[in-house]
Amino acid sequence: MAVYPTLIVHNAKIHTGVAHRPEVQALAVSGNRIAAVGTNGQIRALAGPATILIDAGRRRVIPGLIDACLPLVATGLGYNQQLRWDGIPTLDEALRVLAEQVRRTPAPQWVFVIGGFCEHQFAERRLSTLDELDRIAPSTPVYIQHLQDRALLNGTAIAACGYDANTPDPPGGHIEWDAAGAPTGLLIAAPSTEVFQQALAHAPGLPHEYQINSTRQFMRELNRLGITSVIDPGSPQLRYPSDYATVEELAQHHLLSVRVAYHLAAQTPGAEIADYLHWSTIHRPRDGDDAFRFNGAGSVLVHAAQDYAHFRQPPSPIPTQAAADLEDVISRLVARNWPWRMHASYDETIGMVLDVLERIDAKLPLQSVPWFIDGAETIDDHQIARMVRLGGGICVQPNMAYQGVYFIERHGDHAAARTPPLRHMLDAGLRVGIGSGGTERSSMDPWVTLSWLVTGCTLGGVALYPAEQRLDRATALALHTRANTWFSGEDGRKGQIDIGQLADFAVLTQDYFDVADEDIRHISATLTVMDGRVVFADGDFSALDLPPPAPLPVWSALHHGYGVWRPPACGHAEQRTAPSSRGALS
């Protein structure tokens with residue numbers, strides 16, 4: 001009996017990511033795998049009576065994008081409460097949509113804008129003032145967090161937090177006061193972000209059923225951007241297993257539209273070993289399946305041994321005891337064959353980590369355990385060579401796209417020109433992948449990341465890198481797809497459009513390989529397939545769409561458009577997709 005494909009996409013420009021067959025016209029899917037690739041005639045001939053045929057209209061198709069550093073679990077829990085400013089080109093427009101959200105948000109709820117944007121993306125090149133926030137929202141609490149360096153609270157939010165002249169600064173943070181000793185509403189990370197977490201703890205959260213809906217809406221937005229997989233780095237503010245119940249429930253009911261490989265970050269400062277010893281009795285590395293799996297420890301292994309991608313502040317020295325604690329934690333992880341990751345932006349921190357790893361490697365070979373560093377912006381060639389010898393990798397993040405101007409102000413143009421030294425990493429044979437680091441210190445939008453890799457420019461258009469340090473488009477895309485599979489132990493299973501690989505791919509609104517450099521960051525998907533099923537479709541493909549239920553609560557900003565701004569089509573003033581385009585309720 002003949003076995004026919006379940007889905008065929010033809011009349012397309014398909015970038016496979018496979019060296020010996022880089023482009024084809026059509027592909028066939030059987031179940032959740034790519035069954036065949038080839039010419040239109042070859043693939044259409046495979047169709048059976050029940051095969052879904054999709055004419056791509058000569059659009060560009062790419063492998064599903066993989067974000068190797070995106071906290072999906074934490075972001076999903078509160079995504080429906082957020083107003084996103086990602087990509088909005090003017091502060092005037094940002095304040096307009098803020099005012100709209102304030103009008104529809106009932107008491108005692110807050111309006112949040114939590115990262116994902118940069119003041120330099122605005123034509124005005126500034127943030128809103130506290131007076132502007134108070135005029136827009138005289139009685140609704142408003143919290144605006146700029147990346148992970150500062151946050152603005154209007155007067156109502158200050159009162160809700162109970163801040164006054166007697167409120168002490170949290171460790172590593174600062175609450176600004178005026179001449180009279182009253183808090184102004186400006187919170188500064190110096191460099192710890194604990195000051196933000198303390199403020200957010202005063203705001204109402206969402207009940208479990210809303211968190212389920214919220215996580216589905218967040219995945220929907222990722223699908224719209226062409227993302228089909230993420231590696232969650234772990235969030236130290238989450239509690240395991242209670243805060244993971246939402247994503248686990250979605251996985252159990254086969255409602256994930258994004259593959260999730262997750263890490264667990266140490267929760268308890270000073271008791272990190274106890275956290276990991278407990279979790280090692282629950283988990284084995286790679287527990288789970290292709291849709292939801294445990295990936296290891298990270299991104300905070302020892303709280304006192306972390307640095308911050310916060311270029312408005314100088315790097316903080318790591319205490320000697322923290323380095324000793326890090327050695328203890330990693331030794332235990334390696335002994336249990338646990339993969340791990342940790343964030344380190346500065347060469348000084350990386351050097352300390354590598355000293356620790358070389359001592360461990362002399363007793364327990366590291367080559368048997370996948371491990372990698374997130375960030376590594378200022379790593380030098382010597383440390384790169386040490387990492388290659390120890391078998392590690394680096395998950396590069398687009399922090400310079402958002403903070404490049406601040407880095408130049410502190411360290412100069414010459415240092416910025418090799419921050420991070422991507423070409424040196426690749427030429428040395430180091431394993432390199434890409435993660436957004438979103439959704440606070442950058443956006444989850446992968447097209448901003450790809451634009452930064454290709455053009456070498458910040459969101460504000462400041463050129464950072466000479467031509468020889470920038471990446472061609474195919475190499476940049478490979479880092480955001482195939483290269484990221486090493487970081488989740490899935491080499492050869494996804495990241496390319498090839499026979500036998502998981503059927504994850506996206507049909508794009510514009511051809512990534514043909515658009516002008518300045519238009520790369522405006523690309524999105526018009527059709528996204530994950531695990532062989534359509535998880536997002538609009539425009540010509542909207543009949544194939546099966547969106548999640550409408551966002552909850554009803555005052556959520558998602559009722560009035562998607563999270564990431566896209567430029568208007570054909571010169572129209574409206575830039576957010578109307579709710580009706582999202583289809584009927586499932």
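Strand E15 is joined to strand E16 (residues 292-297) by five bridges, and the two run parallel. The model is predicted: local features need pLDDT of at least 70, side-chain atom pairs count only at pLDDT 80 or more, and totals for chains, interfaces and linings use all residues. Residues are numbered from 1 along each chain as its sequence is written, and side-chain values use heavy atoms, with hydrogens and water left out.

**Terms for strands and pairing**
- Helices (H or I, at least four residues) and strands (E, at least two) are DSSP runs numbered from the N terminus.
- Two strands pair if DSSP finds at least two bridges between them.

**Strand E15 and its partners**
- Strand E14 (residues 227-232) runs parallel to E15 and is joined to it by four bridges; here Ser 229 stands opposite Arg 259.
- A right-handed β-α-β unit is made by E15, helix H9 (residues 272-280) and E16; right-handed means that, with the strands pointing away from the viewer, the path from the first strand over the helix to the second runs clockwise.

**Burial of E15**
- Strand E15 (residues 259-264) is mostly covered, with six of its six residues buried (under 20% relative accessible area, 1.4 Å probe, protein chains only).
- Arg 259, Ala 261 and His 263 point one way from E15, while Val 260, Tyr 262 and Leu 264 point the other way.

**The four-stranded sheet**
- An open sheet with mixed pairing has the strand order E5-E4-E1-E6.
- Strands E5 (33-38) and E6 (52-55) are the edge strands, each pairing on one side only.
- Strand E4 (residues 26-30) pairs with E5 in the antiparallel sense over five bridges, and Leu 27 stands opposite Val 37 in E5.

Notes
Buried means under 20% relative accessible area, exposed over 50%, partly exposed in between (1.4 Å probe, protein chains only).
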